[in-house]
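Dear colleague,

I am passing on the structure we spoke about, with my notes on it below. Please read them with the model open beside you.

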Amino acid sequence: MNDEQQQAFEQCLYRFVGRQVCARTAAKDAVNEAMIRHWAETVGDANPAYTDAQWAARSARGRIIAPPAMMYSWNQEGFPVVAQGRAPDAQTELVDLFNENGFTGVLGTNVKQEYYKEIGLGERVHLEMVIDNISEQKATARGIGYFFETLASFSDQHGDLIGTQRFRVLKFIPPETAAAADGGGAEQDTLQTPTRIAAPRGHDNSWWWEACDQGQVLIQRCRNCQTLRHPPRPMCGECQSLDWDSIESCLEGELLSFTELHHPRIPGYPLPLICGVIRLREGVNLVANIVGAEEQALAIGMRVQGKVEQVDEKTMLPQFYPAENGVEK
Ligand SMILES: [Zn+2]
């Protein structure tokens, strides 16, 4: 996209600021005990203010209140939207505009809720939503893109504001598309089979992946107090030092936990895929695939040995084998 194209694109883009995504609409159901209980059970919130009528009656409020964080649940459209689809609105138009201009990547980055008023059983939540702001073009670790934020306002049946929710989304040009647009198309054609999703590499972790590309698994070490840490991050959690180096892992470890993935069936991944948490001998945990054994043959606590291996045309990853298999280092 040259400067002129970008200008034309942004002119269309910023027209979306302030546009309504949905007009003030009442939730299908009034605030009710069943939905509150399901929500509280699902998130594991045992606060009796939400579910225990007797306790709530004796409390300062004198009644059950809906969990404030549940605000967004009341106006969810439910299963019909899966079958019938959603009527186009300003947000879908905005997303289409991004996609048509190459910003096909999407990443939800922030949710911020604010609460103003408690509501009780029998009250009815109303929702309205607008596109609140769109950033200038940003260079992010994911690629060039724009952040946009929707602002949802929740009010009760009297029109009093209950709370708000800001949802921030990054729409960006994925690196593969950017490479193709820059004339890397010929190179792309050489990828015959789908590859795994590339790990995002940013300022704080690209060194780790670059070592992995060279067949090494490094563990970050604080230069001040020598504490090891993984995954990579800028600061030592023990002494807050920003000074670090790294050691190479021997990739011997113990299987702490594992799960076998059958879904989602994303191209590039051999399924089922066993993902494990491995306690490395050096003392940090690493998440990696367990290969060379059926899921039935694995057990928590078993010894495993890792190897950095090429898993597809462009991806090197540590993979772990049961140590009994006598894998070569
Ligand atoms: Zn430290």
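A word on the term "domain" before anything else: the bounds used here come from an automatic or database domain assignment. Please also keep in mind throughout that this is a predicted model. On that basis the protein chain is divided into domain 1 (3–31 + 66–176), domain 2 (201–248) and domain 3 (251–329), and the centres of domain 1 and domain 3, taken over C-alpha atoms, are separated by 38 Å.

I begin with the packing of nonpolar residues. In soluble globular proteins, nonpolar side chains tend to be buried together. The largest nonpolar core in this model has 28 residues, and those with the most contacts inside it are Met-71, Val-125 and Phe-154. At least two residues of this core come from each of helix H6 (90–100), strand E3 (126–134), strand E5 (143–155) and strand E6 (161–172). Leaving aside residues up to four places away in sequence, Met-71 touches Val-125 and Phe-154, and also Gln-113, Ile-162, Gly-163 and Gln-165. Another core, of ten residues, lies apart from the largest one, and Phe-258, Ala-288, Ile-290 and Val-304 are among its members.

From its first C-alpha to its last, H1 reaches 16 Å, which is close to the 16 Å expected at 1.5 Å a residue.

Turning to the strands, there is a closed barrel of five, which runs E10-E11-E12-E14-E13 with mixed pairing, and the twist from one strand to the next averages 45°.

Strand E7 (residues 218–222) pairs with E9 in the antiparallel sense over five bridges, and here Arg-221 has Asp-245 as its bridge partner in E9.

With best wishes

Key. Residues are numbered from 1 along each chain as its sequence is written. This is a predicted model: local features need pLDDT of at least 70, side-chain atom pairs count only at pLDDT 80 or more; totals for chains, interfaces and linings use all residues. Two strands pair if DSSP finds at least two bridges between them. Helices (H or I, at least four residues) and strands (E, at least two) are DSSP runs, numbered from the N terminus. Axes are lines fitted to C-alpha atoms, for helices over the stretch in contact, and angles run from 0 to 180 degrees between N-to-C directions. A nonpolar core is a set of buried Ala, Val, Leu, Ile, Met, Phe, Trp, Tyr and Cys residues joined through C-beta atoms within 7 Å. A residue is buried if 20 or more other C-beta atoms lie within 10 Å of its own, exposed if 12 or fewer, and partly exposed in between; C-beta atoms are placed from the backbone. Two residues are in contact if their C-beta atoms, placed from the backbone, lie within 7 Å. The expected span of a helix is 1.5 Å times one less than its number of residues.
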